[in-house]
Amino acid sequence: MEHEQALWLPFTANRAFWKQPRVISGARGHYYTTADGRELLDGFSGLWSCGLGHAHPGIVAAVQQQVATLDFSMTFQATNDKAIALAREVASMAPPGLHKVFFTNSGSESVDTALKIALAYHRARGDGHRTRLIGRERGYHGVNLGGTSVGGIAVNRKAFGAVLTPGVDHIRHTLSLPDMAFSRGQPSWGAHLADDLERLAALHDPSTIAAVIVEPVAGSTGILVPPVGYLERLRAICDQHGFLLIFDEVINAFGRLGAPFAATRFGVTPDLITTAKGLTNGVVPMGAVIVRQDIYDALMQGPEHAVEFFHGYTYSGHPLAAAAGLAALRAYREEDSFARVRALEPVFEDGLHSLRDEPNVVDIRNFGLMGGVELAPRDGVLGVRGFEVFLKCFEAGVVIRNGGDILQFAPFFDSTEDELARIFETVRAALRATA
Ligand SMILES: Cc1ncc(COP(=O)(O)O)c(CNc2cccc(C(=O)O)c2)c1O
């Protein structure tokens, strides 16, 4: 058939894919069904996004109802009832003071929205010279130009050097091997690594820095867990110099860490939080930026008839996404998902660390239901072994993720111990087969 291979897949080895396509055609609960009829256990909750499982009945019903009632209505100068209700619910879950919610369509859009809010905030207060944005090495903040600029993963940046925002710098990342190797949860050592922000404050002068953005627990780069005390130190330095602190919680929020937010779990309150994924259980694309009330208030300037913040998306607060979000938050409450994650966390941790002595395992990192197993590259060529293990697991009926040579795990919030055991035994066999 003509154009059979028209699709260009994102973040994919496209040539290898089209030689051996992996096509999912159905999903229910914790399992995918492939186009050729195989059943696969999803060990990654979609892409960190579907903690409640696939085809969740409450979300399916809400989306079906909504699409037949109000499919879409204008979002500028007017909105819909579901967006108002979802914003109210998200604000009610958020850390103290973060009362305003700006909807987007993805994590990347949430990040770029948060960065623009930060710049606009300082400008509105007469601090327009605060234009520099600080990211962190190995950070992932999506693929729009702002997020790519503050991101700290070289392969995500190298092709785009010409358009990356020049006013960006990065603090060092928080992994120190072998000192921290095989830490279970937060490394006990490393709070002082946050002091690198003081180095950048001295280099650029604090008066030029608008905001710092970090993933509390970094995901894409291979699960980097903040050392004990690190986030508190970052918060204190930002307070001292007037930097806004942005937690990018696209992965962390809505249960992945056994709490509404990483901010809740760690007891550190940022000034803005970016989210997506679990907000709607991945069913309808949506993101949200949760903002401290006085940041919003500072932007509410000018004549009453005038737009205060020239930013937003056609689908900001889309009714279908908002209906999915309301159903997802309801399910988190009704199924006590966050407590279930906390109860599952030690079982997940033990299973993950049971791989410690398998071939080529050089580190294991975990927090909440985020897990990473770092492998030694094959013959020094990055990513080959990780991809081989992913393929072996896929062929054995288990879907995990490999970011380069780091295997990533994100089980469902209601995973059974048997499912976890199957995942880890499948990985164990794949590690031995690719030794
Ligand atoms: C912290 C963070 N910020 C922004 C984004 C971008 O979100 P969107 O993709 O919706 O624009 C993300 C997304 N993170 C993400 C997406 C897909 C795969 C993986 C992986 O770790 O394999 C991670 C993320 O993890």
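Tutor: A polar contact is a pair of N or O atoms within 3.5 Å; inside the protein, one atom must be able to donate a hydrogen and the other to accept it, and residues adjacent in sequence count only if both atoms belong to side chains. Here, an N or O atom in the side chain of R401 sits 2.4 Å from an oxygen atom of the ligand. Keep in mind that this is a predicted model, where local features need pLDDT of at least 70 and side-chain atom pairs count only at pLDDT 80 or more, while totals for chains, interfaces and linings use all residues. Residues are numbered from 1 along each chain as its sequence is written, and side-chain values use heavy atoms, leaving out hydrogens and water.

Student: Which other residues have a polar atom listed against an oxygen atom of the ligand?

Tutor: G107 and S108. A polar backbone atom of G107 is 2.9 Å from a ligand oxygen, and a polar side-chain atom of S108 is 2.6 Å from one. Taken alone, the ligand exposes 550 Å², and the protein buries 85% of that (Shrake-Rupley areas, 1.4 Å probe).

Student: How many residues surround the ligand?

Tutor: A residue belongs to the shell if one of its heavy atoms lies within 4 Å of the molecule. That gives 16 here, with W48, G107, S108, D248 and R401 the closest. By class, five are nonpolar, seven polar and four charged; Gly goes with the polar ones.

Student: W48 is in helix 2. What is its backbone like?

Tutor: W48 has a positive phi of about 70° although it is not a glycine. Its relative accessibility is 6%, so W48 counts as buried (buried is under 20%, exposed over 50%, partly exposed in between). F11 also has a positive phi, about 45°, but F11 lies in the segment before helix 1 (14-19) and is exposed at 58%.

Student: How many aromatic pairs are there?

Tutor: Ring centres must lie within 6.5 Å, with planes under 30 degrees apart called stacked, over 60 edge-to-face and the rest tilted. The structure holds 13 such pairs. In one of them, F72 and Y315 have ring centres 5.5 Å apart and planes at 80°, so the pair is edge-to-face. F72 is in the loop between helix 3 (57-69) and helix 4 (81-93), and Y315, 243 residues away, is in the loop between helix 11 (293-299) and helix 12 (319-334). Both count as partly exposed, F72 at 31% and Y315 at 44%.

Student: How are F266 and F367 arranged?

Tutor: They are stacked, 5.0 Å centre to centre with 20° between the planes. F266 in helix 10 and F367 in strand 11 are 101 residues apart, and both are buried. Y332, F338 and F413 form one aromatic cluster.

Student: Which residues does a cis peptide bond join?

Tutor: L177 and P178, with omega about 5°. P178 lies in the loop between strand 6 (168-171) and helix 8 (196-204).

Key: Rings of Phe, Tyr and Trp (its six-membered ring) pair if their centres lie within 6.5 Å; planes under 30 degrees apart count as stacked, over 60 as edge-to-face and the rest as tilted. Helices (H or I, at least four residues) and strands (E, at least two) are DSSP runs, numbered from the N terminus. Buried means under 20% relative accessible area, exposed over 50%, partly exposed in between (1.4 Å probe, protein chains only).
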